[in-house]
Amino acid sequence: MAFYTARYDAGFKNAIGCESQKDLLKYFLEKTLDLSIEELVLDPKELEKPNIKIKTKTLDVLVKTKTETINLEINNGYYNSLPIRNFAYISSVFSNSVFKGDDYLDTKMHIQLNITWGLGIEKDIKSIYMMYDKDNNKCYCDKLKIIEINMDKIMNMWYHGDKKKALEYKYFLMLDLEPKDLDVVCKGDKMMEKYKEKIEKLNEDPEFIEVVSKEKDAELVYNSLITEGATNEKYEIAKNMLKDKVDISTISKYTGLSKEEIEELKSK
């Protein structure tokens with residue numbers, strides 16, 4: 001029987017990124033971002049939509065602390081426009097924060113943590129991006145940081161390489177482990193054990209399984225179409241996903257097309 005992990009949106013949001021698990025989310029962010037968080041407020045919201053051609057996007061997880069705004073994105077697959085999409089999200093959150101503030105210098109640090117599958121094992125485990133001039137050793141704006149975690153490399157180390165090295169990233173590692181390995185990695189850490197208990201209970205919930213199954217099926221359809229080399233890329237992929245009865249919001253997530261664009265394809 002399949003075991004659905006937190007690499008899927010529904011898995012992460014229900015096991016960690018929700019109000020009832022806020023203490024675990026706080027712990028996870030403190031450990032993975034090396035922060036000390038006094039107070040954490042979940043702020044689920046949709047990005048503002050300046051015109052009808054821009055798709056509405058619900059942020060995966062958006063939290064605010066006294067000193068940071070943190071946008072956490074679970075990317076269960078990689079495509080060429082993903083970095084642009086994610087940068088657009090954190091930029092929108094940042095700009096809204098700046099314009100609402102009284103003093104630009106008091107703007108909070110904005111961090112986007114991208115936990116990404118599909119990058120491949122050749123890329124670095126962790127990449128940090130800022131608005132920085134390497135040649136002149138100058139930072140243009142120190143209030144915006146993007147951190148990308150390569151889950152492919154972490155999981156490959158655990159299953160096929162250096163488990164000791166993989167354990168240096170155990171808080172990410174636990175997000176995609178089967179129960180047997182979760183026992184090993186989470187043992188002795190109360191908060192990690194809390195995550196293990198929650199994700200296992202979710203896998204006993206038929207409603208959760210139905211939601212994640214649809215997400216997984218959509219991922220398989222998308223990957224299959226990419227492998228086949230679909231022409232006109234995202235539009236052809238969206239058309240074929242519609243034929244396979246994948247829901248519009250999921251198609252939007254994988255192709256980057258707006259819901260309006262997909263509805264238009266559907267009507268043709």
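Buried here means under 20% relative accessible area, exposed means over 50%, and partly exposed is anything in between (1.4 Å probe, protein chains only). This is a predicted model, so local features need pLDDT of at least 70 and side-chain atom pairs count only at pLDDT 80 or more, while totals for chains, interfaces and linings use all residues. Residues are numbered from 1 along each chain as its sequence is written, and side-chain values use heavy atoms, with hydrogens and water left out.

**View 1. Strand 4, covered on both faces.**
Helices (H or I, at least four residues) and strands (E, at least two) are DSSP runs, numbered from the N terminus. Strand 4 takes in residues 109-117, and nine of its nine residues are buried. In a regular strand, side chains alternate between the two faces of the sheet. Here one side carries Met109, Ile111, Leu113, Ile115 and Trp117, the other carries His110, Gln112, Asn114 and Thr116, and all of them are buried.

**View 2. Strand 4 and the strands it pairs with.**
Two strands count as paired if DSSP finds at least two bridges between them. Strands of a sheet pair through backbone hydrogen bonds, either parallel or antiparallel. Strand 3 (residues 68-76) runs parallel to strand 4, with nine bridges between them; look for threonine 69, whose bridge partner in strand 4 is histidine 110. Strand 6 (residues 138-150) also pairs with strand 4 in the parallel sense, over seven bridges. On that side, isoleucine 115 has isoleucine 149 as its bridge partner, and glutamine 112 stands opposite isoleucine 146.

Together with Met130 and Tyr132, Ile128 makes a nonpolar surface patch of about 290 Å². Patches are built from residues with over 30% relative accessible area and no salt bridge, joining like charges within 9 Å and nonpolar side chains (Val, Leu, Ile, Met, Phe, Trp, Tyr) within 5 Å. The areas come from the Shrake-Rupley method with a 1.4 Å probe, and for residues only the protein chains shown count as cover.

**View 3. Aromatic rings that pair up.**
Rings of Phe, Tyr and Trp (its six-membered ring) pair if their centres lie within 6.5 Å; planes under 30 degrees apart are stacked, over 60 edge-to-face, and the rest tilted. That rule gives four aromatic pairs. In one of them, the ring centres of tyrosine 4 and tyrosine 8 are 6.2 Å apart with planes at 80 degrees, so the pair is edge-to-face. Both tyrosine 4 and tyrosine 8 are buried. Phenylalanine 12 and phenylalanine 28 are edge-to-face too, because their centres are 5.9 Å apart and their planes are at 70 degrees. This pair links distant parts of the chain, with phenylalanine 12 in helix 1 (residues 9-15) and phenylalanine 28 in helix 2 (residues 22-33), 16 residues apart. Phenylalanine 12 is buried at 1% relative accessibility, and phenylalanine 28 is buried with a relative accessible area of 1%. Ring pairs also bring in Phe172, giving a cluster of Phe12, Phe28 and Phe172.

**View 4. Charges over rings.**
A charge sits over a ring if NZ of Lys or CZ of Arg is within 6 Å of the ring centre and within 35 degrees of the ring normal. Arginine 7 lies over the face of tyrosine 8, at 6.0 Å from the ring centre. Over at tyrosine 78, the charged end of lysine 123 sits above the ring, 5.3 Å from its centre.

A salt bridge is a side-chain nitrogen of Lys or Arg within 4 Å of a carboxyl oxygen of Asp or Glu, and the whole structure has 13 of them. Lysine 196 and glutamate 200 meet at 3.2 Å, N to O. Lysine 196 is buried at 16%, whereas glutamate 200 is partly exposed at 24%. Glutamate 197 and lysine 201 form another salt bridge, with their closest N and O atoms 3.3 Å apart.
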